[in-house]
Structures are given as C-alpha cells and as structure tokens.
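Please study the sequence and the structure before reading each solution.

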Amino acid sequence: MQRFSPVLLALLVAGCGGSATEATQTFRACDGAPSFVEPNPAYAWTPNAIRLVSEELAPGVFAIYDRDAAEHGPAGIPLATSGGFVVGEDGVLMVESMINRQLFCQAVALVQAETDRPIRYVVNTSSHGDHTFGNVFLPDDVEVVQHEQTADYIAANFDEDVAFMEANFGADQGIDEIEPVAADIRVSDDGWSVDLGGVTVEARHYGFAQTPGDLFVYVPDAKVLWTGNAFVTEEPGIPWLLAGNGAAAEVTLTAVQASLPADAIVVPGHGRPLAPAAMDFSIDYLRAMIAGVEAAVDDGLDLEATVAAVDLPDYQGYRLWDWIHKQVNVPNTYAELNQ
C-alpha cells in the first residue's frame, strides 16, 4: 500500500519534526520546515530537490525512496538514495540515514508518520556518504550499525568521501555540516541480527559487492531485502564499480539473488521496490562488460581502444552511461586485468 500524499502533506506543513502520531523521540536537527530547490543538471541528483515517500511492503516493513522513482527509474534517470524502516513492538530499525539534514529529516518524518515507537538502530549498507552522512543528526539513543570494514573505511577516508559527494551532488546541499560518526555496532562477515519485538531483522554480508563492507538488510518473515548500492537500480541503470572488482561484484550479486525466494521484494540502493528478477540486468551487464574487456586485453588493445570496443549497445540507456561505464567500470576492469 502506497502512502504518498498524506505523508508529503504532513512533511510540508509540519516540517521534518512533524508526524501523524505523537512522537516520543526528539530529533532536534529536524526543527523547522524543509527548503526545496530546483534540480541542478550539473549534479547526479540534487539532494535538496528530492521528495521522499514511503511504501508499506509488509506489515510494519516500509521502503523509503525518491517520489519520482516509478517514472525516472525506467527512463535511466538517476534517483536519490533509497532506504526504509522496520517497526517492532520494542522499536524501529531504519535502513540508511541519507546524505544531508533535509533528506535525513524527511526519512525520520516518514517513520514518525507510521509509529511513535523510537528508532533504536540505523543500519548503513556501505560507507558511501549518501547512505551514512545523516548519522551525525541521530540522537544518542540510536545505535549505528555498520560492517567493520565500512566503519574502518569511514574513519580513514571521511574527508575524501565528503569531497566526492560535494563534487557530484553539490557543495551547496548541506554536506559541509557533516561530521564522521563512529559505529556503535561493528558487524563481522558472519552478519548480525536483532529482534525488534515480534520481528527479526538481519544484516547479511555476502562478500564484496560494491565495497568490502556491503551489508544486505533482510526481514525473513516479510521476505524484504535492502541491497544498498550493491544493486543500484533497475534497468537500464548499471552497477557503479567505484572500487573496481567487477568479477567479485558479479559473484556476490548472483549469490544474493539465488538466496531469495522468487516472491521476495528487493529495495535497491537508488530506486523503487522490485522483484529479485530485476537484478538480472545488472548481473548480465557485469558479465558482458568483463568478457568484453577480457577480449580487448587479449587482443592487446590499449585503454582508449578498449572503451571504444566494449560499447555494449544492449545495456545503454542510463543517463550516467558515459561516466559510469566509460570512465569508471571499463577503466577499472582494464587496470585489474593488466596487473
């Protein structure tokens, strides 16, 4: 059941601190109303132009995603970060904290529109700032959950990630006020789970997918999985191999998909809820891209010739194709195969 208009109305009228029920948890960072701007075409997407919505996927299990996802996703237009939340008798687990104050506060408002139970945990699926920067606005009684490699990476590379996010999402989008936050719960490769009171949530690690510390958040009883950026978005969107390792990413995505029942619901890192079969396009792209680069290397082509040769017309259509495919995925794979 979708809950678009009532939530948006509450958000716009009451500001990020407003809710449909009386909240018992205070988010002082969310005092005041949001200030929306027009999208800036220079950015991958413009954080302060985004309106988030929630959708109940199963009783007490909600996805949060970009209001324009149904229209923009199939058109290959990049979308804002997706997340969600799970409501139990004892409290709420939220997936992702978003990139800045405004999107964090929208997510909190969507939680508070459904329940007055407190947010107990926030799980970050990776180290990327658009999934973690909102941690700085959490009250002290909320525990941040990250894979131990994610936590270590953020501690060592925080300034670098801020610079990347400002370069691609705007230096005028509130990222300048972000500060690093240490994880309260460090998850090993064995994973982590919590009973929220009548509902169990698991944070699973399948191996490298987009980063060394990717977590997949799963609600077994509801058969709902959040993938983070390991599965970025629907067709014609393609994986972002910012850290390379396309072969490992393909193996992991294949294993994740195989672990799910056919009627599961998958919430990608940037987009609307989908069926597990929607992952086929990303997996097939990775196989085709890697095979193309391998053939080019075997033929002795240089990088420029390899990019030209691995054009993959069947997989084009993503607005960021020239950047992600030509400047990130193919060059990283080429460099790895030439080591």
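A disulfide is a pair of cysteine sulfur atoms within 2.5 Å. The model is predicted: local features need pLDDT of at least 70, side-chain atom pairs count only at pLDDT 80 or more, and totals for chains, interfaces and linings use all residues. Residues are numbered from 1 along each chain as its sequence is written, and side-chain values use heavy atoms, with hydrogens and water left out.

**Exercise 1.** Determine which cysteines form a disulfide, and describe the bond and its surroundings.

*Solution.* 
1. Cysteine 30 lies in the loop between α1 (5-14) and β1 (52-58), whereas cysteine 105 belongs to helix α3 (residues 101-112); the pair, 75 residues apart, links distant parts of the chain. Helices (H or I, at least four residues) and strands (E, at least two) are DSSP runs, numbered from the N terminus.
2. The torsion about the S-S bond is about -90°, so the disulfide is left-handed.
3. Buried means under 20% relative accessible area (1.4 Å probe, protein chains only). Cysteine 30 is buried at 1%, and cysteine 105 is buried at 2%.

**Exercise 2.** Describe the open sheet of 5 strands.

*Solution.* 
1. The strand order is β8-β9-β10-β11-β12, with mixed pairing; two strands pair if DSSP finds at least two bridges between them.
2. At the edges stand β8 (192-195) and β12 (265-268), each pairing on one side only.
3. Strands β9 (residues 200-204) and β10 (residues 216-219) run antiparallel and are joined by 3 bridges.
4. Opposite alanine 203 stands valine 217 in β10.

Technical notes. Buried means under 20% relative accessible area, exposed over 50%, partly exposed in between (1.4 Å probe, protein chains only).
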